[in-house]
Amino acid sequence: MKAHLMSCLNKVRADYVEIRYEEIRTTEIHYVGKEVERIGEWEEKGGGIRAKFKGGWSFVSFNDLESLEKNLELAVKQARLLKRGKIKLAPVAPHDEIISLDLRKDPRRISLEEKYFLLSRYNQTLLSHEDIQTSDLKYADIHTIKYFVNSEGTYIQQEKMDMVLGMTAIARKGDNIQTAHEGIGGTGGYEIIEGREKEAEEVSRRALSLLDAEPFPGGRYTIIVDPKLAGIFAHEAFGHLSEADFLYENKRLARIMRLGRVFGSEELDIIDEAPIKGEGGHYLYDDEGVPAGKTYLIRQGKLVRRLHSRETAAKMGEAPTGNARAVSYEYPPIVRMSNTYIAPRAKTLEEMIDEVEEGLYVKGFRGGQTNLEMFTFSPEEGYIIEKGRLGKKFRDINLTGNIFTTLSNIDAIGRDLVLFTGSGGCGKGSQYPLPVATGGPHLRIKDVVVGGR
Amino acid sequence: MERILDMVASQAQEAEVYQVRSQVKTVKFQANRLKSVDSASEEGIGLRVIRKGKIGFSSTTDGDDPHLLIQRALDSSQFGQEAHFHLPSSGKVPLINCHDTRTAALEAQEMIEKGEKAIRLVRKKFPYLECEAEIEKMERKVSIINSRGLNQSYKKTDYQFFLYGFLAREEEFLGVGEEESSSTYGDYSRTLAERLIELVSLAKRRVRISSGKYPAIFTSKAVPLLLKSLKMGINGKVVQKKVSPLLKKMRTYIASSSLNIVDDATFPFGPASSPLDGEGIPSRPTQIIEKGRLKSFIYDLQTAGLMRTRSTANAARSYDSLPSPSTTNLILKEGEVSFEEMIHDIKEGILVDQVIGSGQGNTLMGEFSVNLDLGYKIEDGKIKGRVKDVMISGNTYKMLKELAAIGSEARFVGSTRTPPLYFKEINVVG
């Protein structure tokens, strides 16, 4: 493959050219209620070419490897339509590396039948109560070999295995329908999704208990978020804002996001770190062939770095961070997070609750979104806190806040850091779902708008 | 394709080969300038089999070696769902306007000019606005053949134009997106630029709103947020699993008697128009809500079989997925009240255009609770200015019953064609 890609690449002329080629094999089992919606294996092969000429890019994707030379020519021709300006790329030394898999339990060696039996057991557990109307249970193992070659002499071959287990229970009593979900995932072997009966039981129990919870009326509260939500908070309420592609060409924004600006208390560290083994956002080289590392975005409350592609790094005069990622060969790499988390501090959850006169403790994750000024995220359930004690349970809660002020409203950071990969992923533009992990310890945040019914 | 079908025929009761070939061209503008010109060619094959009464499936992008594809599809059938249908045999295919040779032949250069024009128009009015644009055209060829004699194919084009304006005023951001999509090319640069300019102009002034219940108008762009729940509720799969809140509501009033909604893949040049659904069933309109009453759910073959009814030709799929029910063009019929009349009718209320955080709550039950990304306050029959930092919440099903008026001008937003809607009450938390 290396020789073939290199020789094709050498035949075209542009300022810069890269080829990614991917071979993807997926096994999936999907239960909805008692029925298997989908089971089986399939494969996909395809490539993406990116060419740069003066002020612009061209990206060409394809499935048929035999059309590579033709597509390379098309990419170069299209790039020449962009006549104005000049794009620079931050320098990166050429690398030549093959990264192979090291799995404890390779899912490719496990029969479809064995996977089917495991999923059937989980599904029975999910459906074990009469008020659970249906389930949605999805298993996938996705094996990818990714080849990368560019006109600067870099060749990288990376192999990975993504594991996904998504468990949803839907409870129903009359007109009242409630959903609970648990996503388990990561890069690694079959062991990641084995022995999850307890989680399946828990999901089912949570869905049932939501039937009896009341909708939350809404208002402004001090809230305590669990590690799952803290991770989403790191991702939505700050992470996206640190992606340099939204500000590198906008001077006003760059001024707002100047390095050194204080965003939170001295206790606050937010980190993006791709090389954490086993997490969903794990990789050693990004999709531009840049080595990945650990990037402090916020250190002691101050903005210290941001996430870059080679283009945004060059434009802003900063070092590349290895955060250019593409969801698949069908898309060009753009600036994305990997594993993003808030570093732990000293407080225990009990201490945090104890100090709250009136507030809300929220747990579990349903979703989150940002427009880079405001963010929203939805917990699965919430408990009212009155005079330092947990009280009644509520559902239908949605939290919102302003990114620039909310981080400084974090007034307590817990000691219990947990990272979650989940079964979904992050979406940006049309690129979804990209595997990422998010995490943090319990956090307490003052003055958050809680939307309810 | 025929070869795969021949090879698998003796090993399965029924078999179907579904092939997609598509060509996409996209031009992207960033920071007011052309940034990238992209092409994509996709090609894939999906094989569905019924063997010993059970469904098996696999797919590949490599059609040259069908042995593995066939083996995987057959292997998966032993654990697959019991089939409750027969594949369709040959039938008459309706003539639907969903392909346009001009769109298929469109060159990148022309798309670049349209993008430049739209951005120039916006920047002439607001030089400090940073614009993005994405213009995309696609031609797709779909072929479906099955062991019961069906052998059909059709071509479809798509054209999409997205324009976005962004402004950072200190730490207050304003982002406005406008979009048009169709199966055929149109010069949308002026329409989109004008709509964007209007929304930005209205947002110049910031006004406050206190928490409470207010009447609300949803622009066409905002209506799909509400219809998310309805789309789930009428989905044959959700109905079959007995988790649709509409389960026992057939023929009863689920909305104001002025509301009519049709799912219609035959709509001329609609974004989701096609002559056949993903299983080769000829497209036809399905009345979902008639004068407020629920008339039909939407089904593919399998969910229809399970529910002992007929497919409504709503099987959606790509080459690498099994069919599943989904809406095509969802058409909400226009009413008689103009947008201006709606605004004029409100003493104190809000106009909702863009939100963030939709789909995070209990969407199935109709609940939504979202941040108002772009919204305006209406006072004494006039749009006063932008409101932000508030959440709006409500329940789709409850609101559809309490519709105050339906707008007189509809347009496509994605594959939903809708006028603005005026509701009696929505909850605002600030």
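User: Which residue stands opposite V60(A)?

Analyst: In this predicted model, V60(A) stands opposite S39(B), a residue of strand β2 of chain B.

User: What makes strand β3 of chain A and β2(B) count as paired strands?

Analyst: Two strands pair if at least two bridges are found between them, and five bridges join strand β3 (residues 56–62) of chain A to β2(B), so the two are paired. These strands run parallel.

User: Why is the meeting of E43(A) and R72(B) called a salt bridge?

Analyst: The rule asks for a side-chain nitrogen of Lys or Arg within 4 Å of a carboxyl oxygen of Asp or Glu; between the side chains of E43(A) and R72(B) the N to O distance is 3.5 Å, and therefore the pair qualifies. Across the interface of chain B and chain A, the rule finds nine salt bridges. On the side of chain B that touches chain A, strand β2 (residues 33–51) of chain B provides the largest share, 11 residues, and by class that side has 25 nonpolar, 25 polar and 23 charged residues.

User: How do you know how much area is buried between chain B and chain A?

Analyst: The size of an interface is often given as the accessible area lost when the parts come together. Here that area is about 6,100 Å², with 47% of it given by carbon and sulfur atoms. K35(B), F79(B) and Q360(B) supply 13% of what chain B buries against chain A, more than any other three residues. The contact takes 75 residues from chain A and 73 residues from chain B.

Key: Residues numbered from 1 in each chain as written. Chains lettered and ligands numbered in written order. Predicted model: local features only at pLDDT ≥ 70, side-chain atom pairs only at ≥ 80, totals over all residues. Heavy atoms only, no water. Contact = heavy atoms within 4.5 Å. Buried area = accessible area lost by both parts, 1.4 Å probe. Helix = DSSP H or I, 4+ residues; strand = E, 2+ residues; numbered from the N terminus. Nonpolar A, V, L, I, M, F, W, Y, C, P; charged D, E, K, R; others polar.
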